[in-house]
Amino acid sequence: MASSLPNLEDVGSIDLMNELLRRMKCSTKSDKRLILIGPPGSGKGTQSPIIKDEYCLCHLATGDMLRAAVAAKTPLGVKAKEAMENGQLVSDDLVVGIIGEALKKPSCQKGFILDGFPRTVVQAEKLDEMLQDHGVKVDKVLNFAIDDSILEERITGRWIHPASGRSYHTKYAPPKVPGVDDVTSEPLIQRKDDTAAVLKSRLEAFHRQTEPVIDYYNKKKIVANLHAEKPPKEVTVEVTKVLSS
């Protein structure tokens, strides 16, 4: 079978040196296995890349991993595709198995960030069992705690200019003229997911599903509650403190 690894002769010298320097820096970092929990709009997407780069972790998004496993036709990917084609949910065991496969990659050597999983206590238990088989465990659960009313203000105030992707916020970054793009004067739109009704149902589902998961990890004394209503830079400082303790 042909190797999927790139031929190093074809990789530019600057890219090679940058990767070598990155790995040397990473070799001094302690391993970390993290779970990020928080409702939509709580800032996980802002903090995740910062944590990933600072601590040399891999970012495991289960949806992306499932699609990649299906595309690569791995044994677990084939099973996942069968389930999806039959209109079934992909089983917890399959998802945990795909996470286990990902942990073998060099990019996950120093640990990982899991975002969007586990969503239930059963998934958390299965994840713990799999990690135990690998001789590791979850080190910290970062809970992006934020009041629903603040989230509603954050999310329902978002408006975008569809052609350019420019985004505005009625309170934090308003356009010069309400409802109109600054550059083209074309009308702004609101994403379907950014309306109060959609947000309410998403938050209800989030609280119902994930509060028992937070309780599960609280019993293990590994939950750090972040003040996610603060500005992103202040949250980054909090995260740094939590992960250095």
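How many positive and negative side chains does the chain have, and how far apart do the centres of the two sets lie? There are 35 positive and 34 negative side chains, with the two centres 2 Å apart. Lys and Arg count as positive and Asp and Glu as negative, while His and the chain ends are not counted. A charge is placed at NZ of Lys, CZ of Arg, CG of Asp or CD of Glu.

This is a predicted model, in which local features need pLDDT of at least 70, side-chain atom pairs count only at pLDDT 80 or more, and totals for chains, interfaces and linings use all residues. Residues are numbered from 1 along each chain as its sequence is written, and side-chain values use heavy atoms, without hydrogens and water.

The secondary structure comes to 9 helices and 7 strands; these are DSSP runs (helices: H or I, at least four residues; strands: E, at least two), numbered from the N terminus. Of the 245 residues in the chain, 36% are buried. Buried means under 20% relative accessible area, exposed over 50%, and partly exposed in between (1.4 Å probe, protein chains only).

Beyond its neighbours within four places in sequence, glutamine 123 is in contact with Asp92, Phe117 and Pro118; contact means heavy atoms within 4.5 Å. Among contacts between residues at least 6 apart in sequence, 70% join residues at least 24 apart.
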